[in-house]
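Open the model in your viewer and keep the sequence beside it. The stops below say what to select next and what is there.

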Amino acid sequence: MNTLKIRASAAAIVAVASLPLGAAQAADDPVAFISPAAEPVTVGTAGQWPPDIARLLMVRGAQSAAISPDGGKIAFASLVTGVRQVFVMPVTGGAAEQITFGNGVTFFRWAPDGSGLLYGVDNSGDEQEAYYFISADGTSERLVMPAVKNGFRAFGAYSPDGTKFAFASTERNGQDFDLYIADLATGAAEMIYEGKNFFSVRAWSPDGARLIVSETVGEDGNNLYAFDIAARRMDALYKPEPYANVDSGFSGGAGFAFNPDGSGMYFSTNMDREFTALGRHDFASGAFTVIEENAAHDVEQPVLCGERYLLYTINENGADVLRVRDLKSGKLVAAPAIPRGVLNITCAREAPLALFNSSTYQGPGALHIWRVGARATTPVLRPTMAGVDPAKLVAPEVVRMKARDGVDLQGLLYLPRDLPEGTTPPVIFDVHGGPTGESRAWFDAVAQFHVARGVAVFKPNVRGSTGFGRTYVQLDNQEKRLDSVRDLVDMLDGLKADGRVDVSRAAVKGGSYGGYMVNAVLGLYPDAFAAGVSLFGVGDWVTGLEVASPALKAADLIEYGDINDPIWRAFYTENSPIRLADRIRVPVLYSHGAMDRRIDKAETEVMVRALRANGVEAPYILFPDEGHGWRKLSNQLFYFRREAEFLAKVFATDEVGSTSGTN
């Protein structure tokens with residue numbers, strides 16, 4: 001598991017208990033919510049336009065796909081059953097067989113010998129995982145490690161021989177991540193290092209002697225160590241000053257690619273530079289040698305295929321460009337053509353095969369096999385389009401504008417097609433979470449749904465987003481937090497000058513940290529947007545930072561400041577959305593998962609309570625069986641239909657080409 005960066009899911013209306021929020025929260029003041037009771041699932045007619053949201057949500061592809069070490073099989077996750085499960089298929093293509101059937105799977109990893117997969121499950125999104133091992137054919141399964149109350153885990157890596165695995169866990173005190181090595185056969189685990197805040201294992205060296213360990217230092221920085229297993233000694237490899245990423249690029253659960261003999265490893269970092277560069281660490285000398293860097297883009301997710309070829313990607317405006325480097329000659333070689341979008345790469349250990357798992361605006365999770373050195377790839381799995389015509393889906397356009405203080409801003413704009421002449425569509429600002437996330441050019445069923453109904457979608461990358469350099473990602477830290485909120489208003493002004501959308505009918509939407517941004521911009525700039533849609537966001541930073549999950553707290557200290565410091569407590573007391581709630585005058589749709597361990601549902605309820613007390617429309621949907629986001633298809637269907645109804649009412653239009661309220 002990578003560092004948790006996202007703050008990136010009832011049969012009747014009932015009373016809801018909440019964590020205390022001081023004066024803003026009354027224990028005897030329950031919040032009524034809209035019940036997500038079961039309802040008939042209608043899916044519309046294949047090929048109709050605009051399509052029903054069910055068909056778009058049922059557009060399916062492979063998630064987190066990984067090729068087996070021997071190159072014979074592919075494992076991937078899918079929500080096709082309505083719950084995230086693991087499927088296995090031959091590398092040559094053909095039918096994929098479902099092998100897991102319980103609670104939704106949170107992650108999986110092939111065993112080094114390819115005999116099976118270790119996977120995690122939690123309880124309705126509470127992120128407290130149990131670990132299971134299942135054979136590759138799904139006929140044999142066993143519990144390796146039960147979930148522990150208040151025990152968050154982060155899987156790390158297998159030992160080279162596959163008999164053990166390393167992971168991090170908070171089970172000692174519920175707060176700090178310690179490091180463990182467990183026996184895969186028995187589940188017996190030994191704590192090997194007592195950590196503070198968030199330590200995690202990122203790789204296990206080929207000789208079995210050391211673990212590569214990351215220590216979180218802010219959301220966009222970390223320290224890197226080599227842990228000597230026999231000596232129980234943590235040796236620092238890189239502790240950048242000022243802090244930086246020595247861990248950037250996440251592929252197949254690692255982000256680090258070892259030479260087969262263990263003499264060195266490849267990874268990306270933005271130490272001493274603006275954008276992440278790809279390089280090699282030599283263990284004998286301790287030197288880091290840059291292999292490729294780019295003046296304007298991040299170089300990411302290195303994967304070593306055999307001993308000769310290093311594969312990696314360049315993030316260009318949210319889309320990945322594949323690179324292949326011959327380590328023998330040191331030169332780039334021709335890379336196979338891959339559809340423009342977002343790419344994940346894994347390589348077999350015992351065969352010259354690479355698996356590409358790509359997502360584009362026209363479909364998610366296509367799988368291609370590349371025999372290393374060949375001119376072209378072989379498609380083995382295409383997305384299931386559920387009757388949706390991919391030719392009618394809309395490609396995002398990169399849009400740039402200036403903030404009022406001169407900072408360059410960027411976002412992705414989805415514009416409806418075939419609108420009647422003289423009309424301009426309303427627009428939804430869809431703000432990503434993080435804050436160190438990025439709006440990227442992958443398949444987005446909900447954005448395509450809104451666009452098909454005649455509503456533009458704009459995905460802003462405000463300051464603090466990744467993908468635009470080290471300076472940019474730190475422009476919203478601590479006391480500069482509100483500058484990123486202001487960016488939303490400046491971007492709205494930029495779209496007004498552009499003239500292709502109706503900014504008088506603009507709604508702002510976001511989940512997690514994006515939900516905070518909705519609450520904040522509506523309070524700070526009450527005349528900018530016509531409505532808000534806040535999903536599981538922060539309403540009061542004081543309580544939000546106090547009760548954040550352990551992995552988040554480690555990053556929060558730099559990103560937000562220490563909430564136990566009187567200076568920062570005073571800052572967030574004054575600048576939290578709840579202190580501005582009396583300025584919000586537009587309707588806001590709120591939603592949360594009762595099992596959320598990153599942001600408590602009280603953060604949403606305090607905002608709902610405040611807006612309703614002021615006579616502002618604030619419908620609230622609470623999912624009792626979801627955590628930080630909606631995992632279950634039934635809940636996604638319920639929620640996004642309600643979201644569409646809410647926005648149609650705000651925009652006074654629910655059909656393509658309506659001119660109501662246009663300028």
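Start with Phe 429 and Phe 529, the residues with the most contacts inside the largest nonpolar core, which has 61 residues. A nonpolar core here is a set of buried Ala, Val, Leu, Ile, Met, Phe, Trp, Tyr and Cys residues joined through side-chain atoms within 4.5 Å; buried means under 20% relative accessible area, with a 1.4 Å probe and protein chains only. Next select helix 5 (residues 513-524), which gives this core 7 residues, the most of any contributor. Helices (H or I, at least four residues) and strands (E, at least two) are DSSP runs numbered from the N terminus.

This is a predicted model: local features need pLDDT of at least 70 and side-chain atom pairs pLDDT 80 or more, while totals for chains, interfaces and linings use all residues. Residues are numbered from 1 along each chain as its sequence is written, and side-chain values use heavy atoms, without hydrogens and water.

Return to Phe 529. Leaving aside neighbours within four places in sequence, its contacts (heavy atoms within 4.5 Å) include Phe 429, Leu 488, Val 521 and Val 586. Another core, of 33 residues, lies apart from this one; Ala 386, Ala 531, Leu 633 and Leu 647 are among its members.

Now select Cys 305 and Cys 347, joined by a disulfide with an S to S distance of 1.6 Å. A disulfide is a pair of cysteine sulfur atoms within 2.5 Å. Cys 305 lies in strand 21 (residues 298-305) and Cys 347 in strand 25 (residues 342-347), so the bond ties together parts 42 residues apart in sequence. Cys 305 is buried, at 7% relative accessible area, and Cys 347 is buried at 16%.

Key
Buried means under 20% relative accessible area, exposed over 50%, partly exposed in between (1.4 Å probe, protein chains only).
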